[in-house]
Amino acid sequence: MHEQFANPEQQRETASFGMWVFIVSEMMLFGGLFMAFTVYRMYYPQPFIQGSAGMDILLGSINTAVLICSSFTMALAVYSAQAGSRRLVTLFLVLTMLIGALFLVIKFTEYYKHYLDHKAPGVWFDSAGASGPKIELFYVFYFIMTGLHALHMIVGLGLLAVTLGRTLAGR
């Protein structure tokens, strides 16, 4: 128990409340981004269709499967911790981290392909026609939303590394 808390229950309640504040703030952030994307998609349907045509369906599908697998291995790590099996917790944390790293490799491969195709928003963006700026807007949303997700994955990998270290230390 940390010194600023009167008892373990207060510490647990404070930690739980803090986690709920974090989750709600994440929902508002991503909810706002998805709402803005939806509104702009309604205003500019054709440029957004043209922008999404530049997405790699195979890499996106693989990354979706990778995320589902990492969620599954993380759930198995939590279950193993509840069951008291440190060996399985270690195994599933390592698997989750490897799968999470695979997600990032695939995502950054996609980013690199967009960069080479001059689809990264900014001065190097290249799209012919009057709808070019609206297609660029699609890519702005794409890079912001997927970039924030990649950042969350990187932070998550760091937190999992700490958790793995604590697990290996017997805590």
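Predicted model: local features only at pLDDT ≥ 70, side-chain atom pairs only at ≥ 80, totals over all residues.
Figure 1. Residues are numbered from 1 along each chain as its sequence is written, and side-chain values use heavy atoms, with hydrogens and water left out.

Figure 2. Along its principal axes, the C-alpha trace spans about 65 × 35 × 25 Å. Of the 171 residues, 27% count as buried, where buried means under 20% relative accessible area, exposed means over 50%, and partly exposed is in between (1.4 Å probe, protein chains only). The accessible surface comes to about 11200 Å², and 71% of it belongs to carbon and sulfur atoms; these areas come from the Shrake-Rupley method with a 1.4 Å probe, and for residues only the protein chains shown count as cover. Taking contacts between residues at least 6 apart in sequence, 70% join residues at least 24 apart, with contact meaning heavy atoms within 4.5 Å. The chain carries 10 positive and 9 negative side chains, and the centres of the two sets lie 8 Å apart. Lys and Arg count as positive and Asp and Glu as negative, while His and the chain ends are not counted; each charge is placed at NZ of Lys, CZ of Arg, CG of Asp or CD of Glu.

**Figure 3. Helices α1 and α5, end to end.** Helix α1 covers residues 8-43, and at 1.5 Å a residue its 36 residues should span 52 Å; the end C-alpha atoms are 52 Å apart, which agrees. For α5, the 37 residues should span 54 Å, and the end C-alpha atoms are 53 Å apart, which agrees too. The expected span is 1.5 Å times one less than the number of residues in the helix. E26, F30 and L33 are buried in α1, and the buried residues of α1 pack against α5. Just after α5, G170 takes a positive phi of about 90 degrees.

Figure 4. L157 sits in α5, which covers residues 132-168, and is buried with a relative accessible area of 18%. Leaving aside neighbours within four places in sequence, L157 is in contact with M97, G100, A101 and L104. L157 and M97 are 60 residues apart in sequence, yet their C-alpha atoms are 6.0 Å apart in space. L164 also lies in α5 and counts as buried at 14% relative accessibility. Not counting residues up to four places away in sequence, L164 touches T90, L93, V94 and M97. From L164 to R86, 78 residues away in sequence, the C-alpha to C-alpha distance is 9.9 Å.

Figure 5. H114 is found in α4 and counts as buried at 5% relative accessibility. Beyond its neighbours within four places in sequence, H114 is in contact with G54, M55, K119, A120, Y139, Y142 and F143. K107 is in helix α4 too, and at 8% relative accessibility K107 counts as buried. Not counting residues up to four places away in sequence, K107 touches N63, Y142 and T146.

Figure 6. G54 is in the loop between α2 (45-52) and α3 (57-83) and counts as partly exposed at 37% relative accessibility. Residues up to four places away in sequence aside, G54 touches H114 and Y139. H118 is in the loop between α4 (86-116) and α5, and at 37% relative accessibility H118 counts as partly exposed. Most residues other than glycine have a negative phi. H118 has a positive phi of about 60 degrees although it is not a glycine.

Technical notes. Helix = DSSP H or I, 4+ residues; strand = E, 2+ residues; numbered from the N terminus.
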